[in-house]
Amino acid sequence: MILSGLFLFISCADKQDLLQISERNIPFSDGWSFYLGDSLKAAQSKDWRKLDLPHDWSIEGAFSQDNPADLGGGYLPGGMGWYKKSFKTESTNKQLFIQFDGVYMDSDVWINGHFLGNRPNGYISFEYELTPFLNPEGETNEILVKANNSNQPNSRWYSGSGIYRNVWLKSLDKLHVASWGTYITTPEVSQESARVALEIKVANQYKESKTATITTTIIHGGQEVTSNTSEVTINQNENKNISQDLTVEKPKLWSVDQPTLYTAVTDIKVDGAVVDTYKTPFGIRSFQFDLERGFILNGGQVKIKGVCMHHDLGPLGAAINYRAIERQLQIMKEMGVNGIRTAHNPPTPELLDLCDQMGFIVMDESFDMWNNNKTEHDYATVWKKWHKKDLEDFITRDRNHPSIFMWSVGNEIQEQWNEQGVATAKELKAIVQSLDTTRPITVAMNPPVNMPNADVTTQFDVEKASLNPLAASGVLDLIGYNYAHNTFPYHQQNFPNTPFIATETTSGLQTRGYYDAKSDTLKRWPVRWDIPFDGGNPGNTVSAYDQVSTPWGSTHEETWKIMKKYDFLSGLYIWTGFDYIGEPTPYVWPSRSSYFGIVDLAGFPKDVYYMYQSEWTDKDVLHIFPHWNYTEGDSVDIWAYYNHADEVELFVNGTSKGIKKKEGDDLHVMWRVPFEEGTLKAVSRKDGQVVLEKDIKTAGEPATVKLTADRTSISADGKDLSFITVDVVDAEGNFVPTAQNQLNFSIEGEGAIVGVANGDPTNHESFKGTSHKALNGKCLVVVQATKKEGEIKINVSSDGLKDASILVTTKK
């Protein structure tokens, strides 16, 4: 068989596969070898472990109070890791590049012993050209990567360790569109037409000038919409910018409800032959942040109902997985979320792709610190050398995403309180605007309005307030508020010329399924962020009633009540959508993950999820809680979140406990009733007609488990996942909300268990194990397909419980 062009022989486990390069981006994440250790000199062949990327070695480690990452890093280990991969090439005239979506952190890369470069930032994407250092055709080449996460702490939350995002190869003609080399804007948008402005950076690595025909075709739904052609000459070793204008008639506009995407396909031809094709997905939309009406999208007012998200994927750690990210976003969308803040770093590209497709308003954030450290070994140590390059790459990589509506160039920056911060903000703004002028720039400030000695219960006095120097400087296009919700109504007085965005709000605290005896007492835990907390509940629990928050934050209801009242408040990003590993406020060890999430670390919603769903969606909602498993005579507070109804009536064993109606700005209703074994039932009504009915039965002793897969058919691609919820139930099939059974998992067929979790911030069992304790009746097991079609059988056993199993099918 005669083959032409560039080919790679990729070393994969025990064999070599032949892969033809036919696209710009070729997956290069499979078939690596990994070694954990400070020096390669000590490594033996048996020490190298075969694995596929993305990979996070920290999530595989043991929780320990002695790990230097401390509570911020979830008490998991760091260290130094090495990755290598071999391949062969045939003769070619093309250029070969390797692109890393992210390596945590301080990465060094070599090809055939030649040092390609260092990148300290663990969140940034970067690439190197391999061509000059490749061995002759037929000989083996080796990529070697060192990831150094041994200097800790270097993050205020769990970072993960290693090549935790995808890796790609690029095979390009010497005349090609440069990396992230297109920039699409839509400066004129109406229902009738849209002008699409395209800038293309073309690189010529030939030793002579080239005359090329550059044609961009806009595609939608597989059909050509319009095109434009340019004839250009590019000198040798030149990067030339080419501008093209195209018009789309009667455009389908991108919105949160209908996130329509187009694709600009740019072909470069020389002598009639296509030498490069570059595809740029984009959306057509218009927007502004208005001083009176808040956020305006395509001419209509939209309240941003967003959440902040750290990058870890719960039991999967920091190793990205497309399906896991998609699941998180689906859970958020079901709640009514329409916005995502990438707290506090450049996200993986897959997240932004999904936000484009699913309709989220993204605040894309670049830095958690500038010149001044927050932890001993963090990014501030390399700020002066790297911030300009990192910010340029961040903007250039992400600027074509229609889901991104604002750039945040910092979070809770210490320099915000002085002129150094103002000077740095001016510099960063100039860098951003040299690359993108279509989006406003903000910094998440804490707070932009300063009230000395004030807490969340203080009545805000605008006369006594002082403005944060960075906020008052006029540098920012949006004033970003972290907390300080009592100041929100006075924004127009404090900042009459700059629109509002609540970059971070709330910091409510809950443990899923745990409830204090009395729900109408507000608690602010800890007393202050800088004072050790010696209070709390047994077992480091926090009530799942919306009654506990940090002192700098609020309960969920407190902030949303203010936010919904005022049109000029463009929206908010709640801290946080999901629990995340690390930062277990208000506690320390043995807690190892956060309590902030509206959804727990396993992906199970806490009760406040349904408050937002009742406020943020058109779905009929009636959610009553807590459970109905108490001791006879206990006084129990019953809450109901509801909408589309005038009232809710509560029944215990058929006896009415009264009708409740929301009054004023209430977001829930409550009954205090004595417990009686049996059935708790709620009925919501509108104009006397039943809208919804919900009941909760007293459960008996745990008898077995109920298994529910989010998908029972997944792709046999070695990547796809099925998330299986394990509910402990009694003999009648009733959910047992107090069950804490130890659950054991096994698997048969074409799959592997890649994660287990229960949402308990204090649990120290490995996320990578095959046994996990249920938390308040629930547990999660995550199964990944192999690359073979077939069937996966997941088995669950536990002492005293009847065994159960579920089948998942894998298909090509």
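1. The largest nonpolar core holds 150 residues, and W32, W370 and M406 have the most contacts inside it. A nonpolar core is here a set of buried Ala, Val, Leu, Ile, Met, Phe, Trp, Tyr and Cys residues joined through side-chain atoms within 4.5 Å; buried means under 20% relative accessible area, exposed over 50%, and partly exposed in between (1.4 Å probe, protein chains only). The model is predicted: local features need pLDDT of at least 70, side-chain atom pairs count only at pLDDT 80 or more, and totals for chains, interfaces and linings use all residues. Residues are numbered from 1 along each chain as its sequence is written, and side-chain values use heavy atoms, with hydrogens and water left out.

2. Not counting residues up to four places away in sequence, M406 touches F289, I304, I361, V362, M363, D364, R439, P440, L478, I501 and Y573 (contact means heavy atoms within 4.5 Å). A second, separate core has 26 residues, L743, I753, V781 and A785 among them. In soluble globular proteins, nonpolar side chains tend to be buried together.

3. Helix α1 (residues 322-335) packs against helix α2 (residues 349-358) at an angle of about 40 degrees, with the axes 10 Å apart. Helices (H or I, at least four residues) and strands (E, at least two) are DSSP runs, numbered from the N terminus. Axes are lines fitted to C-alpha atoms, for helices over the stretch in contact, and angles run from 0 to 180 degrees between N-to-C directions. The two helices are therefore oblique to each other; angles under 35 degrees count as roughly parallel, over 145 as roughly antiparallel, 65 to 115 as roughly perpendicular and the rest as oblique.

4. On the α1 side of this contact are Y322, I325, E326, L329, Q330 and K333, which meet E350, L351, L354, C355, Q357 and M358 of α2. Seven of the residues in the contact of α1 with α2 are nonpolar, two polar and three charged. For this division, Ala, Val, Leu, Ile, Met, Phe, Trp, Tyr, Cys and Pro count as nonpolar, Asp, Glu, Lys and Arg as charged, and the others, Gly among them, as polar.

5. Helix α1 also packs against α8, at an angle of about 60 degrees and with the axes 7 Å apart. That angle makes α1 oblique to α8. I331, E334 and M335 of α1 and Y609, Y612, Q613 and W616 of α8 make the contact, which divides into five nonpolar residues, one polar and one charged.

6. Helix α7 (residues 556-563) is mostly covered, with six of its eight residues buried: H556, E557, T559, W560, I562 and M563. Their cover includes α8 (608-616) as well as strands β23 (304-309), β31 (500-506), β34 (569-575) and β36 (635-642).

7. P448 lies in the loop between β27 (441-445) and β28 (449-450), and is buried, with a relative accessible area of 0%. Leaving aside neighbours within four places in sequence, P448 contacts S466, L467, N468, A471, I479, G480, Y481, N482 and F495.

8. S805, in strand β50 (residues 801-811), is partly exposed at a relative accessible area of 41%. S805 and I747 are 58 residues apart in sequence and 9.4 Å apart in space, C-alpha to C-alpha. Apart from neighbours within four places in sequence, S805 is in contact with L707, K793, I794 and N795.
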